[in-house]
Amino acid sequence: MLIRSVLFAVSAATMSLVGWAAHAQEAQEEASTELAAPTGDADAGETQFRQCRACHMIEDSAGEIVQRGGRTGPNLHGVVGAQAGTADEDFGYSDVLIGIGEEGLIWDEENFVAYVENPTHFVREASGNTSARSPMAFQMRSGADDMYAYLAQFTDDDTDENGAQGEAD
């Protein structure tokens with residue numbers, strides 16, 4: 001009888017966890033398709049991109065260069081709304097960024113701003129690994145919301161010019 005009770009409790013706990021995980025995944029998918037319009041100033045973000053160009057560029061899927069820059073970091077075209085570690089197929093993302101992306105992290109404004117303000121702190125919090133480090137050493141002290149608004153303009157999906165998700169035309 002005791003074994004049967006223990007098995008029932010383990011089974012119930014497992015079903016609860018599986019249900020919670022499915023619910024969390026559904027919520028993440030819903031959030032990723034319904035990004036809020038950016039709160040920052042895209043024009044100010046464009047000006048600030050100068051400090052990002054040492055490592056990043058913006059090149060659309062047709063190969064058109066929107067912003068020239070380095071290739072130390074990933075191409076930032078399509079980063080807004082993307083799963084962490086996936087926006088640039090040709091870039092070798094760190095294992096920690098790929099991992100938090102696989103756990104469902106999407107680059108919405110809240111996550112993007114927190115990341116660029118302190119990348120290593122962000123990946124440690126998001127991954128739960130206190131020794132994790134981000135390969136991005138730069139910390140944006142101000143204007144991260146403006147940078148997000150600027151980057152929100154560069155997607156290949158059905159986002160509008162403000163970065164808000166909408167119906168495909």
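## The salt bridge

A search of the whole structure, which is a predicted model, finds one salt bridge. The partners are R71 and D88, whose side chains meet at 3.2 Å, N to O. R71 and D88 both lie in the loop between β2 and α3, so the pair ties together parts that are 17 residues apart in sequence.

D88 is buried, at 7%.

D60 sits in the loop between β1 (58–59) and β2 (65–67). D60 is buried, yet has no salt bridge. Which side chain of opposite charge is nearest to D60? That side chain is R68, and R68 is 12 Å away. A salt bridge needs a nitrogen-to-oxygen distance within 4 Å.

The side chain of D60 does have a polar atom 3.0 Å from the backbone nitrogen of A62. That distance falls within the 3.5 Å cut-off for a polar contact.

## Overall layout

The chain has six helices and two strands. From the N terminus, the order is α-α-β-β-α-α-α-α. The chain holds 169 residues, and 37% of them are buried.

Sequence separation can be read from the contacts. Take the contacts between residues at least 6 apart in sequence: 46% of these join residues at least 24 apart.

Helix α3 spans residues 95–102, and its buried residues are V96, L97, I100 and G101. Seen down the axis of α3, these residues fall within an arc of 135 degrees, so they line one face of the helix. D95 and E102 are exposed on the other side of α3. The cover over the buried residues of α3 includes α4 (109–117) and α5 (119–127). After α3 comes G104, with a positive phi near 110 degrees.

In α5, the buried residues are P119, T120, F122 and V123. Down the axis of α5, they fall within an arc of 160 degrees, so they too line one face of their helix. What do the buried residues of α5 pack against? They pack against α3 and α4. Just after α5, G128 takes a positive phi of about 75 degrees.

## Helix α6

Helix α6 covers residues 144–151. Seven of its eight residues are buried, so the helix is largely enclosed by the rest of the structure. The buried residues are A144, D146, M147, Y148, A149, Y150 and L151. They pack against α2 (42–48), β1, β2 and α4.

E109 lies in helix α4. Is E109 buried or exposed? E109 has a relative accessible area of 16%. The cut-off for buried is under 20%, so E109 counts as buried.

Setting aside neighbours within four places in sequence, E109 is in contact with A37, P38, T39, G40, D145 and Y148. Y148 is one of the buried residues of α6. E109 and Y148 are 39 residues apart in sequence, but their C-alpha atoms are 6.4 Å apart in space.

## Aromatic pairs

How many aromatic pairs does the structure hold? There are seven. One of them joins F91 and Y93: the ring centres are 5.0 Å apart and the planes are at 75 degrees, so the pair is edge-to-face. F91 is partly exposed, with a relative accessible area of 21%. Y93 is buried, at 15%.

Y115 and F122 also form an edge-to-face pair. Their centres are 5.8 Å apart, with 85 degrees between the planes. Y115 is buried at 7% relative accessibility, and F122 is buried at 9%. F122 is also among the buried residues of α5.

F49, Y150 and F154 form one aromatic cluster. Y150 is also among the buried residues of α6.

Terms used
Residues are numbered from 1 along each chain as its sequence is written. This is a predicted model: local features need pLDDT of at least 70, side-chain atom pairs count only at pLDDT 80 or more; totals for chains, interfaces and linings use all residues. Side-chain values use heavy atoms; hydrogens and water are left out. Buried means under 20% relative accessible area, exposed over 50%, partly exposed in between (1.4 Å probe, protein chains only). Helices (H or I, at least four residues) and strands (E, at least two) are DSSP runs, numbered from the N terminus. The arc is that of the directions from the helix axis to the C-beta atoms. Contact means heavy atoms within 4.5 Å. Lys and Arg count as positive and Asp and Glu as negative; His and the chain ends are not counted. A polar contact is a pair of N or O atoms within 3.5 Å; within protein, one must be able to donate a hydrogen and the other to accept it, and residues adjacent in sequence count only if both atoms are side-chain atoms. Rings of Phe, Tyr and Trp (its six-membered ring) pair if their centres lie within 6.5 Å; planes under 30 degrees apart count as stacked, over 60 as edge-to-face and the rest as tilted.
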